[in-house]
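Hi,

Here is the structure I promised to pass on. Have a look at it first, and then read my notes below.

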Amino acid sequence: MSEKVPYLDLPAQLRPLRKEIDAAIARNIDACSFCLGPDVAQFEKDFATYCGAEHALGFNSGTSALHVALMLLNVGHGDEVITTPHTFVATSWAISYVGAKPVYVDIDDATFNLDPKFIEKAITPRTKAIMPVHLYGHPFDVDAILAIAKKHNLPLVEDACQAHGAKYKGKTVGAFGDAAGFSFYPGKNLGAAGEGGALVTNNAAHAKRARSLREHGSTVRYYHDEIGFNYRMEGIQGAVLGVKLKHLNTWTRERQRVAHRYAELLADTPLQLPTQAAWAESVWHLYVVRHPKRDALKKHLEDNGVGCALHYPLPLHLQKCYAFLGHKEGSFPISEKAARECLSLPIYPELTDKQIQRVVEVVKDFFKK
Ligand SMILES: *Cc1c(COP(=O)(O)O)cnc(C)c1O
């Protein structure tokens with residue numbers, strides 16, 4: 001029996017760090033700094049530096065951070081936000097939470113990211129922001145989208161939930177727009193021991209208001225300036241993330257090693273492999289290949305002990321929850337085709353060369369039949 005290759009292997013990441021993480025959690029618990037507190041404050045400083053940004057604020061999830069990002073821009077009822085249908089649903093949640101309408105534009109076939117060439121046609125007098133995603137760890141075309149945003153005087157929110165440390169023309173993502181949201185969900189490139197997120201911005205006024213919004217709309221306890229939320233990061237998550245952040249660059253290099261190895265070994269298969277735009281340094285959150293016989297290939301991999309996943313099987317404009325937007329099959333054909341053909345192969349820093357070779361062997365075996 002060949003070795004199984006799990007799609008994700010969180011225990012492998014935890015093992016070498018276990019003692020350090022245990023100690024950080026113990027220190028946090030002993031200090032009883034459970035909600036925000038010094039561990040979160042330290043992590044916020046370190047993460048802002050990591051992103052090359054002025055401010056990073058700890059949130060209880062990436063979804064909350066994106067929600068508050070749109071609140072900072074005063075996006076509200078009746079407004080429209082331009083975004084991508086090919087992403088995790090939470091990108092659109094943020095838009096819906098403020099009462100605005102997600103206005104989808106189709107993606108670029110090569111990078112799966114929102115395609116700048118479709119944006120201008122979607123702009124109306126109600127458009128209040130553009131919110132693209134650095135999907136799978138690959139940055140979107142920042143300059144092209146910023147140029148459109150500037151021309152129409154629209155703010156930009158980066159959904160950077162999958163792209164910690166990704167670079168666009170050598171510069172780390174997260175500080176290109178007015179605000180960015182990051183997620184520390186355990187499976188993300190930087191994962192908490194539970195839920196977590198961050199809002200990143202260079203704008204001091206935005207940082208100040210976000211700090212208040214995440215804590216019941218108050219800066220002085222029991223005095224509430226506006227209706228806020230309990231979106232605070234837990235102290236334990238700050239402690240754990242502080243330990244893990246030190247390893248993030250190493251992990252990213254290991255993800256890049258895996259991606260390059262797949263590219264080498266899968267080059268002579270019928271699979272369409274992921275590419276990197278000339279201006280991009282991807283952090284390879286996912287390694288997404290494409291093939292028209294995706295479903296059969298997925299079954300073949302699973303039958304042979306190789307984990308894989310779909311990101312994402314149904315574009316947002318065809319989800320039941322967004323049926324009221326009135327889209328149909330054919331509304332965004334590039335996204336729909338991507339959803340039919342995409343298949344995510346295992347990629348994580350700890351994936352061994354032997355495991356990579358096993359994945360490749362099973363893929364090649366599929367095409368031999
Ligand atoms: C994970 C993710 C989110 C949401 O983050 P949570 O921390 O799970 O709330 C938002 N957008 C994208 C693209 C994501 O991958």
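Before the rest, some housekeeping. This is a predicted model, in which local features need pLDDT of at least 70 and side-chain atom pairs count only at pLDDT 80 or more, while totals for chains, interfaces and linings use all residues. Residues are numbered from 1 along each chain as its sequence is written, and side-chain values use heavy atoms, with hydrogens and water left out.

**The ligand**

Threonine 63 has a polar side-chain atom 2.5 Å from an oxygen atom of the ligand, and glutamine 162 has one 2.8 Å from an oxygen atom of the ligand. (A polar contact is a pair of N or O atoms within 3.5 Å; within protein, one must be able to donate a hydrogen and the other to accept it, and residues adjacent in sequence count only if both atoms are side-chain atoms.) On its own the ligand has 380 Å² of accessible area, and the protein covers 93% of that. (Areas come from the Shrake-Rupley method with a 1.4 Å probe; for residues, only the protein chains shown count as cover.)

In total, 15 residues surround the ligand, the closest being Gly62, Thr63, Asp159, Ser183 and Lys188. (To be near a molecule or strand, a residue needs a heavy atom within 4 Å of it.) The ligand sits in the largest pocket. Here a pocket is found on a 1 Å grid over the protein atoms alone, as an open set of points where a 1.4 Å probe fits, with protein on both sides within 12 Å along at least five of seven lines; lining residues have an atom within 4 Å of a point. "Sits in" means that more than half of the molecule's atoms lie within 2 Å of the grid points. The elements giving two or more residues to the shell are α4 and α5, and α4 gives the most, with three residues. (Helices are DSSP runs of H or I with at least four residues, strands are runs of E with at least two, and both are numbered from the N terminus.)

Take α5, residues 90-97, where Ala90, Thr91, Ser92, Ala94 and Ile95 are buried. (Buried means under 20% relative accessible area, exposed over 50%, partly exposed in between, with a 1.4 Å probe and protein chains only.) Their cover includes α4, β2, β3, β4 and β5. Just after α5, glycine 99 takes a positive phi of about 85°.

Then there is α8, residues 204-213, whose buried residues are His206, Ala207, Ala210, Ser212 and Leu213. Among the elements covering them are β1, α4 and β9. At the start of α8, a side-chain oxygen of asparagine 203 comes within 2.9 Å of the backbone nitrogen of alanine 205.

**Some buried residues**

Valine 200 belongs to strand β9 and is buried, at a relative accessible area of 0%. Its contacts (heavy atoms within 4.5 Å), leaving aside neighbours within four places in sequence, include Phe47, Cys51, His55 and Phe182. Valine 200 and phenylalanine 59 are 141 residues apart in sequence, yet 10 Å apart in space, C-alpha to C-alpha.

Asparagine 113 is in the loop between β3 and α6, and it is buried too, with a relative accessible area of 2%. Its side chain reaches the backbone oxygen of proline 139 at 3.3 Å.

Alanine 160, in the loop between β5 and β6, counts as buried at 0% relative accessibility. Leaving aside neighbours within four places in sequence, alanine 160 is in contact with His134, Val173, Gly181 and Phe182.

Where does asparagine 74 lie? It is in the loop between α4 and β2. Asparagine 153, in the loop between α7 and β5, has a positive phi near 55° and is exposed, with a relative accessible area of 70%.

Finally, a cis peptide bond joins histidine 311 and tyrosine 312, with omega about 10°. Tyrosine 312 lies in the loop between α11 and α12.

Cheers
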